[in-house]
Amino acid sequence: MSTSLLPGAVDARYRPVMTAAAKPYHHGDLRAALVAEGLLLIEEQDADDLSLRELARRVGVSATAVYRHFPDKAALMAALAGEALTRLAAAQRAASERAGGGSAGFSATGAAYVRFARDNPGLFRLVFAHPVTPGHAEKSNDEAMTMLKAGAAALTPPGTDARVFALRSWALAHGLAMLMLDGQVQVDDATIDRVIDVTMSG
């Protein structure tokens, strides 16, 4: 028997097709849903190509609904960059704790920085291409920078300026990350650990 003859059945020819690019939004925190979808989009396309209208289409709401939370693209980029920094800090904190803190933990935060860039290239580039400014309500989570400064202050070799040690450590991790993202070098996890440990240990 054809299911089209059953009470309440809908002919498949007229059943709406839902795709990943058009998910209906029903309830909950719309702002969080927009940020989550925006983070996915950042990994699929260049941040400069992302539009609020496309984001609205992906979440399944009107453009007007998006503008209630993000009045312009700069506000959206600030929110996405802030979330990216929050995730980076969480990855670094977890790495430090696994390493037991101290010098090993400090090196682990640097290696985690590089791995975060490798695993989330779109988010990593976003943080530096669209830095959060004080003029936006969405301010970046500065936990990653706080950990860097605290670690450097505790581990700076005698006779070395703590600020210089922190900057050198950051420059090493960031430089390695960018070399990887730009396809200049290919390194595995073991090499990342060795490079970061040698420099950060002074």
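The largest nonpolar core comprises 40 residues. Within this core, Phe70, Leu76 and Leu80 have the most contacts. The structure is a predicted model. Eight helices each supply at least two residues of the core: helix 1 (30-42), helix 2 (52-59), helix 3 (63-69), helix 4, helix 5, helix 6 (121-129), helix 8 (162-181) and helix 9 (189-200). Helix 4 gives the most, with 9 residues. In soluble globular proteins, nonpolar side chains tend to be buried together.

Leu76 illustrates the contacts made by a residue of the largest core. Neighbours within four places in sequence aside, Leu76 is in contact with Leu50, Leu52, Leu55 and Phe70. Phe70 is itself one of the residues with the most contacts inside the core.

Ala81 also lies in helix 4. Its relative accessible area is 1%. Ala81 is therefore buried, the cut-off being under 20%. Ala81 and Val127 are 46 residues apart along the chain.

The crossing of helix 4 with helix 5 is right-handed.

Residues from both helices form this contact. Helix 4 contributes Ala84, Arg87, Leu88, Ala91, Gln92, Ala95, Ser96 and Ala99. Helix 5 contributes Ala104, Gly105, Ala108, Thr109, Ala112, Tyr113 and Phe116. By class, the contact residues divide into 10 nonpolar, 4 polar and 1 charged.

Gln92, in helix 4, is one of the residues that meet helix 5. Gln92 has a relative accessibility of 7% and so counts as buried. Leaving out neighbours within four places in sequence, Gln92 is in contact with Thr109, Ala112 and Tyr113, as well as with Ala144 and Met147. Thr109, Ala112 and Tyr113 belong to the helix 5 side of the contact.

Terms used:
Residues numbered from 1 in each chain as written. Predicted model: local features only at pLDDT ≥ 70, side-chain atom pairs only at ≥ 80, totals over all residues. Heavy atoms only, no water. Left-handed = near helix turned anticlockwise from the far one by under 90°. Helix = DSSP H or I, 4+ residues; strand = E, 2+ residues; numbered from the N terminus. Contact = heavy atoms within 4.5 Å. Nonpolar A, V, L, I, M, F, W, Y, C, P; charged D, E, K, R; others polar. Buried < 20%, exposed > 50% of the residue type's maximum accessible area, 1.4 Å probe, protein only. Core = buried A, V, L, I, M, F, W, Y, C linked by side-chain atoms within 4.5 Å.
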